[in-house]
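Student: I would like a close look at one part of this model, please. Could you walk me through the place where the chains meet?

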2 protein chains.
Amino acid sequence: MLIRKLGRGVALVGVGMSKFGAFPDKTSRDLFVEAFQELCASVDKGFDPAEIEALYIGNYSSDLFEGQGHTAPIMADAVGLTPRPAVRVEAACASGGVALRQAVLAVAAGMYDVVLVGGIECMTRLPTAQVTDTLGSAADVLYETPAGFTFPGFYAAIATAYMHRYGMTPEHLMHVALKNHANGALNPKAQFNITIAAWMQNRIQAALKKGRPAPTWRDEWDFLHDDAANPPIAWPLRLFDCSPITDGAACALLVAAERARAFTDNPIYVIGTGQASDVPLHSRTDLTTLPAARTAARIAYEQAGITAQDIRIAEVHDCFTIAEVVAGEDLGFFATGTGYKMAEDGVTARDGARPINTSGGLKAKGHPVGASGVAQAVEIFKQMRGEAGPRQVTRDIPLALTHNVGATGSTCVVHIYERK
Amino acid sequence: MLIRKLGRGVALVGVGMSKFGAFPDKTSRDLFVEAFQELCASVDKGFDPAEIEALYIGNYSSDLFEGQGHTAPIMADAVGLTPRPAVRVEAACASGGVALRQAVLAVAAGMYDVVLVGGIECMTRLPTAQVTDTLGSAADVLYETPAGFTFPGFYAAIATAYMHRYGMTPEHLMHVALKNHANGALNPKAQFNITIAAWMQNRIQAALKKGRPAPTWRDEWDFLHDDAANPPIAWPLRLFDCSPITDGAACALLVAAERARAFTDNPIYVIGTGQASDVPLHSRTDLTTLPAARTAARIAYEQAGITAQDIRIAEVHDCFTIAEVVAGEDLGFFATGTGYKMAEDGVTARDGARPINTSGGLKAKGHPVGASGVAQAVEIFKQMRGEAGPRQVTRDIPLALTHNVGATGSTCVVHIYERK
């Protein structure tokens, strides 16, 4: 495939996100308005929303989750942006990242100077089993779903193949969960704004309060190995290996680079975008990598003119802990077959050599599937500008990356960000 | 809104569509493959599908209709185009037109030279009431659906408002149905490849064959006024005022204008694209026009540097007969309040001054909602190249237009085509 340079520079100049969590009284439009209001306040020099020329909305299935199709103009109306063209983009859990890409391409192409990209999903209204089935429809429903697969099963298959080949153990995955919860504990927008150790303590206190015998966990390792506290979902994946079901919205304001300084003195530039598709998992010969992620990353690196080793921090798609392990290798951060050691060794921690998912990731921040790809950009924007509060990575961040996956990698999209 | 010129020329060089109809044994992917194979054969000088750099797939809700989300990579896989980026675009019944627009913008922007746009919908598996509800979720489900509205009701409201203001009668709408069925009768891909007069004769023969008394309809007017043959759906709309429930797929190959001659000596150029959003119908002050269609048309005309009067033929979104009437006015073909006379007067017939829906339109060709916007481009391509067979418009067609509507006009998208 020919990799073309972006036509002109594209800058992120504002971001916003709703609190992520379970909000039974809110709809997608409520959450989107919340995110949009934060975005408006985030633009340093202020701006008139009437300057927005188009909207791209990432959403997996408001149809199935809320019974609301045709979601993009609904969102445009909710924030007063009709009659601007509003386009919904769907790519399963990569919907947000693919919407971001459409917005980047549209600005780079000179079609628009100012574009709003949003991501939304409101998932918690349905019973959990129905959510699992709804997500399952992002797999191949002719050949995979009838075999009994839902996404925990798919990623469990990836994990077992990876364990078999490279010697990873379930404990390596627990390190990913511990790290991401440690980050999420510092993110007030996270659904699980709590460490796993604190979670354990809460469970102990709750038992005592109810007059029940206190659980005998000595530390979070005991907790994570307890089949009652951390039940197996699809071996080797346990509950704390899985991202949660979440309601949330995120948005970002993209402008032509030449206009960025009118919005802020501290813009973040999007200098690379790669996207690839792939056959469904059952058609692949290797379960230990997502080839579409490798392709998307290669395109994005080449477009940006950098290599994986130039990236300082990344938000990657940890829908399950194993997904973060595979992502680190697919993105070229770590050699194939070594990624599983990185959380345990502290490499991917906030103070490590390559911080990953400083936001808490999908795992702790939450995973409103259509919003996640945009929320990744929100975190990168804040980290690169030094606005991430207590979870701020202290070192300088000239280059960063986001990695968003649909299903088991039948869509992958990668973006690269630069602070000049 | 600032209207920018397209960055570079974009040409249509091949099209394909499946037969439209009810195919209980087929899925969207079967229909898409059928359309894609026809497209490949339609490229005059041949081409290697590996040249395709990206796919945009218009689809309203494979989620709700087939239980299949994440449809774009499924389609890419079905025609062997992974790992190209495959993006699903959803805009209710304008999904196909909006996908076409994304492809046009991507080529115009210089991001890709060769792009495949597809539209798919497989609707007939669900019981009719469930189809109606699924389509209904493209309205505003918080404020409109709970009031009991489904789409026949919405368009009936538009029709009654229009009748009240301009003096139209239900018979004017019947002329639209008669005209579109007359066109569909000449389109072998149409779901209803039959005139209303022939339909009536079939009903008479069927009754006689079963030994029942023959219906006493004297002509198609009798037939259309018979509450049993043409039952009221939502007054003043009867069955033959409504487009059907359809399975179908359509696709088109778009290339950079400078490469068009490598594919065909007879390319059709896309010289204008306009899209607009709008508030839901309940928020509007006037039911007799779709403001988003007027905005989209104004943008497309200005981009193309032409006026409505330059357009020779058009495929417009006749989801209901009244929608064709309103479209003719919104697009500037006919003065406001006069559009309802045009079918009766023969102006919009194949041999009229302004042929509309020579394909049969959504009404007779069928309306697989995500495919319709792309199928409109298929008809325009064939007509402009003189390849429309028995339904070919005889006069020269230098300029043509497609008009695709989502819901009651909360999305509208208009494209303008030129044969140079």
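Which strand of chain B is joined to strand 3 (residues 86-90) of chain A, and how many bridges join them?

Tutor: Happy to! This is a predicted model, in which local features need pLDDT of at least 70 and side-chain atom pairs count only at pLDDT 80 or more, while totals for chains, interfaces and linings use all residues. Residues are numbered from 1 along each chain as its sequence is written, chains are lettered from A and ligands numbered from 1 in the order in which they are written.

Strand 3 of chain A is joined to strand 3 of chain B by three bridges, and the two run antiparallel. Here strands are DSSP runs of E with at least two residues, helices are runs of H or I with at least four, and both are numbered from the N terminus; strands pair if DSSP finds at least two bridges between them. Within this pairing, A:Arg88 stands opposite B:Glu90.

Around that pairing, 55 residues of chain B are in contact with 54 residues of chain A, contact being C-beta atoms, placed from the backbone, within 7 Å. Elements that each supply at least two residues to chain B's side include helix 3 (71-78), helix 4 (95-108) and helix 10 (291-304).

As for symmetry, chain B can be laid on chain A with an RMSD of 0.0 Å by a turn of 180° and a shift of 0.0 Å along the axis, superposing by least squares on C-alpha atoms of residues with pLDDT of at least 70 in both. That is the relation of a two-fold axis. Of the interface residues of chain B, 98% are also interface residues in chain A, so the copies meet through the same surface.

Terms used. Two residues are in contact if their C-beta atoms, placed from the backbone, lie within 7 Å.
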